[in-house]
Amino acid sequence: MDRLFYPAVFHKAEEGGFWISFPDIPECLTQGDDMQQAYEMAVEALGLSLTTMEEAGEEFPKASSPEQINMKDGFLVIVEFDMAEYRRKHCSRAVKKTLSIPEWLNEAAIRQNINFSQVLQEALMQKIDM
């Protein structure tokens, strides 16, 4: 569930560029000066909306199928969002953890100048298949 796909409607803006809406997430709106910037802004806006929902304990809305979307004055673009990548990019603040290991293991690791935080991070990423 790390990669999500949502339909977005890209509308031509009167002043140039595009404004973007997400039919499944009405509060998610953004804009961009050209197609590339508009798509990048759509990914960021989608990420902000989805992570806000996740933090509030809300379920993500089911993405509509493209044929269900009324595009009136725009065109459909499927926006891909990688939740794991977004978290790595935006949620990388260090969090202090207290843990317990046997004394002999602690002393052996200190003798070898092992960085406990780095080892734990690597092990956790391997454990969750990242």
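**Strands, rings and surface**

Val9 stands opposite Ser21 in β2. Strands are DSSP E runs of at least two residues, helices are H or I runs of at least four, and both are numbered from the N terminus. This is a predicted model, where local features need pLDDT of at least 70 and side-chain atom pairs count only at pLDDT 80 or more, while totals for chains, interfaces and linings use all residues. Residues are numbered from 1 along each chain as its sequence is written, and side-chain values use heavy atoms, with hydrogens and water left out.

Me: Which residue in β3 is the bridge partner of Ser21?
Reply: Strands pair if DSSP finds at least two bridges between them. β2 and β3 (residues 29–32) meet that with 4 bridges, in the antiparallel sense. The partner of Ser21 in β3 is Leu29.

Me: Which residue in the turn of the β1 and β2 hairpin has a positive phi?
Reply: β1 and β2 run antiparallel and are joined by 4 bridges. The hairpin leaves 5 residues between the two strands. The turn residue with a positive phi, about 105°, is Gly16.

Me: Is Glu14 buried or exposed?
Reply: Glu14 sits in the loop between β1 and β2. Buried means under 20% relative accessible area, exposed over 50%, and partly exposed in between (1.4 Å probe, protein chains only). At a relative accessible area of 85%, Glu14 is exposed.

Me: What separates the C-alpha atoms of Glu14 and Lys89?
Reply: Along the chain, Glu14 and Lys89 are 75 residues apart.

Me: Is His11 buried or exposed?
Reply: His11 belongs to strand β1 (residues 3–12). Contact means heavy atoms within 4.5 Å. Leaving aside neighbours within four places in sequence, His11 touches Gly17, Phe18, Trp19, Ser21, Asp73 and Gly74. With a relative accessible area of 7%, His11 is buried.

Me: How many aromatic pairs are there?
Reply: Rings of Phe, Tyr and Trp (its six-membered ring) pair if their centres lie within 6.5 Å. Planes under 30 degrees apart count as stacked, over 60 as edge-to-face and the rest as tilted. By this rule the count is 4.

Me: What class does the pair of Phe18 and Phe75 fall into?
Reply: The ring centres of Phe18 and Phe75 are 6.0 Å apart. Their planes stand at 85°, so the pair is edge-to-face.

Me: How many residues apart in sequence are the parts that the pair of Phe18 and Phe75 ties together?
Reply: Phe18 lies in β2 (residues 18–21) and Phe75 in β4 (residues 74–82). Phe18 is buried at 11% relative accessibility, whereas Phe75 is partly exposed at 31%. Ring pairs link both to Phe10 in a cluster.

Me: What accessible area does the nonpolar patch have together?
Reply: Patch residues have over 30% relative accessible area and no salt bridge; like charges are joined within 9 Å, nonpolar side chains (Val, Leu, Ile, Met, Phe, Trp, Tyr) within 5 Å. A salt bridge is a side-chain nitrogen of Lys or Arg within 4 Å of a carboxyl oxygen of Asp or Glu. Areas come from the Shrake-Rupley method with a 1.4 Å probe, and for residues only the protein chains shown count as cover. The patch, including Leu99, Trp104 and Leu120, has about 760 Å².

Me: Which elements give two or more residues to the nonpolar patch?
Reply: Leu120, one of the patch residues, lies in α4. Leu120 is partly exposed at 35%. The elements asked for are α3 (103–111) and α4 (116–127).
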